[in-house]
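Biologist: I would like to learn how to read aromatic pairs, cores and strand pairing in a model. Could you take me through them one at a time?

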Amino acid sequence: RSRAALKMLAFAATVKQVLSTATTPTVLASIPLVTFDGEKATTHEFVELNDPVMGGRSSGTWSVMPTFGVMDGEVVDVPSLQAPGFIKAAADGAFPDAASASAGALELEVRSTTPQYAGFRVSLAAGAVAPPYSCAGGGSIPLSRGCYKAKFSVPAGDGWHAVSVPFASFSDLWSPATGEHTKECSEDASACLTAKKLSSLQRVELWAEGAVGKVHLELKSVSAVPAAPHPNSTPLLTVSSPAALAAAAAPAAATTASRTATRPPAPFGTCSGAVQKQLRFGISGREQPTVPVPLPATESLAEAVCCDNRTVAYAEPRFLYQAPDIALYSRLDAGVTTFFDSVCGLPLFRAPLNRSLAAFKADTDEHGWPSFRTAEVVAANVVTDVKSGLVSSRCGTHLGSYLPDGAGPRWCMDLSCIAGSPAGSPASQGTAVTAAA
């Protein structure tokens, strides 16, 4: 062959190689987020939590085998609500950047002996100021955006299954009572799990929620998997939709409706007087009755939870004390803090006593509400119905629940109801009641 012909063949081969390279899609690798192999970047400690509201009886455990974690338990109806409770396992920490998979899915490597269970869910916290609070509120209460939840199911069979949960199916707007989405990502771009959010994940949770039944779920890994590129696509660039980018760029606006404080109507009001106007720990800023019961918008959270018997089966939002506008731990007194009735100003609890501040915080963090032990109760001012679990003050304010655990008697209190100032002080607005020492 002539030299010119050889050059032409070489040129044709080069063009073919270039075209092949240009039209071969770049496949992005999956990004491990959680494993149980000891790898530092992906090994996280999960903590099991149960539905604790008004005697909730759902129970679960979390254990770790050599190469996988196990969530085991049973979801049952909460007796006072006649609705399913939940169990979940949660891990906090720094997770690998998963932004490049935003158009793809979360992949769970799982297996289950209860594949028929209908309430499996997974949630990812990102951009949340207080992840436990956000993952208890689901965006339905102030400052609780940033915990994105989605459903999944597990195929039957003894082997491991790769279950794909598209990131587009997650939303951070869901009901804390049922776990069901109140807005889908497709309906509201602000509810979407964007690339920006996936770049800085804060928390991973596994749930069994919204359906009664036995639960056994084994988890081997959690990964972020990029979307598969089109065979004829140019090299893949992962970008968010314009709506998602706009939502990520625009900060969520917190709005607080102006209101005039009102007491619950006579048939429902249980308190001896009005809630104090200047509650401590930032509670006065919670002007809306964020409970799953239809109430007048003019009732504040404290008025609804502490003084309205229509909400007796409910509590303030779990982990409220961690919300950025509350931040209870930063507001505690040096040494021992006294907690006063939000209506009449009686002293109710003093903590920590007979234990360290760290132990008080750990107890509270484990259960999701301020938790007190026997030595910390001002017994003369606190009325505990051991049978029903209801706890009130001597002047009639509902305070929370009596929920003993393995460590003994425990008073699990709504911070909204123990955020008052001492009776007679300038900040108190409650009914005058003689305080017990």
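Modeller: We will go from ring pairs to cores, then to a helix and some strands. Keep in mind that this is a predicted model.

Biologist: Let's start with rings. How many aromatic pairs does a search of the whole structure find?

Modeller: In general, a pair of aromatic rings is described by the distance of the centres and the angle of the planes. Here the search gives 16 aromatic pairs. One of them is F86 with W207, a tilted pair with 5.2 Å between centres and 50 degrees between the planes.

Biologist: Which parts of the chain does the pair of F86 and W207 tie together?

Modeller: F86 belongs to strand 7 (residues 86-92) and W207 to strand 12 (residues 201-209), so the pair links parts that are 121 residues apart in sequence. F86 is buried at a relative accessible area of 12%, and W207 is buried too, at 3%.

Biologist: What is the geometry of the pair formed by Y117 and F120?

Modeller: That pair is edge-to-face, because planes over 60 degrees apart count as such. The planes of Y117 and F120 are 70 degrees apart, with the centres at 5.2 Å. Y117 is buried at 5% relative accessibility, and F120 is buried at 1%.

Biologist: Rings can also sit below a charge. Where does the charged end of R111 sit?

Modeller: The charged end of R111 is over the ring of F68, 5.2 Å from the ring centre. A further case is R310, which lies over the face of F268 at 3.9 Å from the ring centre.

Biologist: Now the cores. Which residues have the most contacts inside the largest nonpolar core?

Modeller: To read a core, look for buried nonpolar residues joined through their side chains. The largest one has 46 residues, and I283, F339, F349, F372, W411, L415 and I418 have the most contacts inside it. Among the elements that each supply at least two residues are helix 2 (131-137), strand 15 (347-351) and strand 20 (411-413). Helix 5 gives the most, with 6 residues. Another core lies apart from this one, with 42 residues, among them V75, F95, V122 and V215.

Biologist: What is F349 in contact with, leaving aside its neighbours within four places in sequence?

Modeller: Its contacts include F339, F372, L399, W411, M413 and I418. F349 also belongs to a cluster in which ring pairs link F281, F339, F349, F360 and F372.

Biologist: F360 brings us to a helix. Which residues of helix 6 are buried?

Modeller: In helix 6 (residues 357-367), the buried ones are F360, D363, T364 and H367. Viewed down the axis, they fall within an arc of 95 degrees, so they line one face of the helix. These buried residues pack against strand 15 and strand 16 (371-372). Just after helix 6 comes G368, with a positive phi of about 100 degrees.

Biologist: Last, strands. How many bridges join strand 8 to strand 13?

Modeller: For strand pairing, check the number of bridges, the direction and the partners. Strand 8 (residues 105-112) runs antiparallel to strand 13 and is joined to it by 8 bridges, with E107 opposite S223. Strand 4 (residues 69-75) also pairs with strand 13 in the antiparallel sense, over 7 bridges, and G73 has V215 as its bridge partner. Strand 1 (residues 31-35) is antiparallel to strand 13 (residues 213-225) as well, through 4 bridges; there T35 is partnered by S221.

Definitions and conventions:
Residues are numbered from 1 along each chain as its sequence is written. This is a predicted model: local features need pLDDT of at least 70, side-chain atom pairs count only at pLDDT 80 or more; totals for chains, interfaces and linings use all residues. Side-chain values use heavy atoms; hydrogens and water are left out. Rings of Phe, Tyr and Trp (its six-membered ring) pair if their centres lie within 6.5 Å; planes under 30 degrees apart count as stacked, over 60 as edge-to-face and the rest as tilted. Buried means under 20% relative accessible area, exposed over 50%, partly exposed in between (1.4 Å probe, protein chains only). A charge sits over a ring if NZ of Lys or CZ of Arg is within 6 Å of the ring centre and within 35 degrees of the ring normal. A nonpolar core is a set of buried Ala, Val, Leu, Ile, Met, Phe, Trp, Tyr and Cys residues joined through side-chain atoms within 4.5 Å. Contact means heavy atoms within 4.5 Å. The arc is that of the directions from the helix axis to the C-beta atoms. Two strands pair if DSSP finds at least two bridges between them.
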